[in-house]
Structure formats: structure tokens, C-alpha cells
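Hello,

Please find the structure below, with my notes after it.

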Amino acid sequence: MDPLAAAIDQGTSSTRFLVFNTKTAQLISHHQVELKQHFPKEGWVEADPREIMDTVHECLEKTCQKLAQLSVDVSRIKAVGVTNQRETTLVWDKETGEPLYNAIVWLDLRTQSTVERLITKTPSRSKNHLKHKTGLPISTYFSAVKLRWLLDNVEAVQQAVLSKRAMFGTVDSWIIWSLTGGRDGGVHVTDVSNASRTLLFNIHSLDWDPELCSFFDIPMEILPTVRSSSEIYGRMRSGSLAGVPISGCLGDQSAALVGQMCFEEGQAKNTYGTGCFLLRNTGTKPVTSEHGLITTVAYKLGRDKPACYALEGSVAIAGAVIRWLRDNMCIVQSSSEIEQLAAEAGTSYGCYFVPAFSGLYAPYWEPSARGIICGLTQFTNRSHLAFAALEAVCFQTREILDAMNQDCCIPLPVLGVDGGMTGNRLLMQLQADILCIPVVRPSMSETTALGAAMAAGAAEGVEVWSLNPDQLPEVTAERYQPQINTQGRQQGSN
């Protein structure tokens, strides 16, 4: 019987637990629970940390029940990995184990004035003042700005910091701390990929940076210990998997890069989820973008292994625009209807959609931007709007890829894709047409969870999953070839 490795995949809108065969990468079983988002004010996006853990426990136990129904012994699960929505910021009380405020989600815009104040205090009044250390602009997107807001505005957080009871973490830290015992000996850690999204982490020294913490006035004692992405952090304290090591940790986009097996310099993947994230492996040396992209730590697959870096283009709104059409505009009743509706039109008929609901991320980094729909005529109907929404996702990816090709000087020959939206065949064909390169979608689309399970299974002391290139499983894929010429693509994107 082949050993199994599992992954907790905690995303913006759902939590999942997935179990994989470590020899074939086959998905054996999984369970998913929707996670409620809270919108207390315009531009504010929160999640309840207790609900996050409730969904984690539910997914884990329900998956173990499904395995039993399949006559699969849960003792075959030798490791658990964690992958998570990045940047989302939590502070909790280490003595009570209780969160001190809701998690502030990566999309949240409440920190615009905080960002403006921080940029004003830099000598050059530049959002890129910290980029030489962090790879990131000062933006509402990243954790340090959200943490600064919590310290400035939430009395419970202020009091906990003063009494040395506060713990800060991104979602991975909260999950690992909770599962390894919480206030009874829980392990307070994060990995390099998540730490590199905080604006407090030096991507060259691979540690928290005192000068960065001083700039944001963040007390370093509340920060988690930074570890590699593949090592035993602790063990599950309770439940059906008590005693199983938690031995993989990757931010969701890094996990997808690993799950797509983009281990070679120059390989890239684009994940279509709530947002859209294009990462290109740049090897063991960080590449600084001159065209609005960010430099991030992709992964470090072992304590003694080198860190690998990536150039990233981040788009805030991708799948979220489909949810907006469904929930706010009632154009469709379910997200799955969007493909058929757009196909009925076959064109946007000159209608263009810029879904800047949370400002614009790469390559502009303009938090004050807002969405727009233009080119409307008396002829425009909901099918044209649906088509324009899909095109918007593709055009945003095109902008990112153009910037990436300029930074790397070597055009990307093919793009690997994953994420929930990639089941939309019309979207994938549009993407290939607009990029004028092939788009390749693995037949097993759960690459984010797969990456976390691979990191967990490969960890020293577990070693049930080999990451040697000649031992990686063969993955079948669907390939979308461009079907329009370059001139047609240029006309559509101008």
C-alpha cells in the first residue's frame, strides 16, 4: 500500500482537506466547506478565525470518514501540509487562545490612509522604498500594513502586546499553532514563502528584519519563527490524525508553483482563484522587477536547501468578478453558468470591464482605482457582460505576462494554469488567444493542495515523497493552442 500525504488548503472563500497518493499524485479523497467572508464596511473584508478553524476540523474529519467508506486506512497518511491565502493577518492571545479581532483579508482596503502615511514618511516618498529588502511595494495588500492598523485601532490588540500575550501570524501560523496544541504548547511558526508577504521579512537574509520592523513600529516578539517550507514543525494534537506530523507549509501561490512542478528556472504558472497570480521561477537569485512586478520567495524545500525565488504578478480580482456578477448583479444564478452565457454572445461587442474592486495590483499598485464598464450600447446584454468579464481576467494576465517577459528578457513559451476558473474552457481558449502562447491545464487541477502535500511528504523525517526530477509523477494535461493571429490579439488588448 502506497503511503499518503494530505493538505489543508485554506483559501479566501473555502477550506479543503485533500489526500494524495505519494507515488502517483492521484487525489484519493477530499472535502470542502465554504468560508463566510464578512464585509463590515465598504472596502473591508474579514474572516472569523474561529470559523477558519471550524472549517479545518470539519474538512479533516469528513475526509477521514470518506476514506473509511473507501476502505482506506487513515494510518496510511504520513504527513499533513498547510497551504493558505497569503497576507491575511491575524492577532491572537497566546494565553486564552482566542483571536483578538477578525482576520483582515488580503483584499481589504481599510489601510489606504495607513499606506499613504507610511509612504509620506519615506525619504523619497516612494511606495518602493522597502523593495530592496522585501521585493514588495508598500501597499494595502501586505500584512505589515494590516498589522499596523490593528495596533493603531484595536484596544484588545494593544493591551495584549503590552502584556506580552499577543501573537501575530498569517493564516498558516494560526492553523499550525491551533492544530499543534494552541495555548497548550502550540508551535508558532511560518515558512519563508508566507513571511516574504509581510513587508517585515528580508528576502536576502531570510529572516525578520529589525529595520523593517522599526519602520512599521512592530514589536518583533509577536512574530512567528520562520522555517523552511518542508520540515516537521509539530504533530497533530487531536482528532483522527493525532500524532501525524505537520511538515509542509507554503503560501497558496507558492504551493501551486510546486504542484505544477515548476522547479526549473524560467517555468511559470498562473492560478485563477479569487484573484489571479502569475509566478515565474527565477532560481536561487531574486530578480528585481523594473516593470511593476514583485519579487517573492517561492519555496525552500528543506532546512538545508537553498531558497528559490519568483517574480510575481498579482491581480486582485479574477474569480471574484464572477461572484460579483452572480451575487450583486444577479446576472447568473451559479458561477458555472458564466461559460454558457458568455458563449452565447461569443464576443463582448466592444464592451470592456475593468474589475478594480480592490484597486489595481500589479503592475500599477494603485489602491484608489475603481472598477469600470465601458463601451455599452443599446445592443449590449448580459451575455456580452459575461464575455467581457472573462476577457478582463485574460487581459489582466496579458499585462502581467508582458511585464514579466520584459523583466526576464526571455519570452515565456507556454503557461501552466490551475485554480477553480480553469474548468471554464472558453476562458482558457480566450487566454491562449490573448497571450498568443499555449495554455496547459493539468487534468488533476488541485495543484495548490498537491504542492503542500508534496512539501509535507518530502520533509526530512517523513520522506515518503521524492522530489527528484526523475521520480516526479507523469501528469496528463489539456493544451489550448492560440487560434487568432498576433494582429487580432493586439487589436483586442489596446
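D108 has a relative accessibility of 0%, so it counts as buried. Please keep in mind that this is a predicted model. The side chain of D108 meets that of R110 in a salt bridge, with 2.9 Å from N to O. R110 is buried too, because its relative accessible area is 8%, and the cut-off for buried is under 20%. As background, side chains of opposite charge can pair when their charged atoms come close.

The structure holds 26 salt bridges in total. Two further ones are described here.

One of them joins E312 and R197, whose closest N and O atoms are 2.8 Å apart. E312 is in strand β18 (residues 308-315), while R197 is in the loop between α7 (192-195) and β10 (201-202), so this pair ties together parts that are 115 residues apart in sequence. E312 is buried, at 0% relative accessibility, and R197 is buried with a relative accessible area of 0%. The two residues also belong to a network of salt bridges that links R86, E87, R197, D252 and E312.

The other joins E478 and R441, where the closest N and O atoms are 3.9 Å apart. Here both partners sit in strands: E478 in β23 (residues 477-480) and R441 in β22 (residues 439-442), so the pair ties together parts that are 37 residues apart in sequence. Are these two residues buried or exposed? E478 is partly exposed, with a relative accessible area of 23%. R441 is buried, at 15%.

Now to the pocket. The largest pocket has a volume of about 1,200 Å³. How many residues line the largest pocket? There are 42 in the lining, and Y272, G273, G419, G420 and M421 lie nearest the centre. Several elements give two or more residues to this lining, among them the strands β2 (14-21), β3 (27-34) and β15 (268-272). Which element gives the most to the lining? That is α10, with four residues.

By residue type, the lining of the largest pocket divides into 23 polar, 12 charged and seven nonpolar residues.

To go through this yourself, start with D108 and R110, which meet in a salt bridge, then look at the network that includes R197 and E312, and end with the lining of the largest pocket, where α10 gives the most residues.

Regards

Terms used:
Residues numbered from 1 in each chain as written. Predicted model: local features only at pLDDT ≥ 70, side-chain atom pairs only at ≥ 80, totals over all residues. Heavy atoms only, no water. Salt bridge = Lys/Arg side-chain N within 4 Å of Asp/Glu carboxyl O. Buried < 20%, exposed > 50% of the residue type's maximum accessible area, 1.4 Å probe, protein only. 1 Å grid on protein atoms, 1.4 Å probe; cavity = no way out; pocket = protein on both sides within 12 Å on 5 of 7 lines; lining within 4 Å. Points joined across faces, edges and corners; volume = space filled by probe spheres on them. Nonpolar A, V, L, I, M, F, W, Y, C, P; charged D, E, K, R; others polar.
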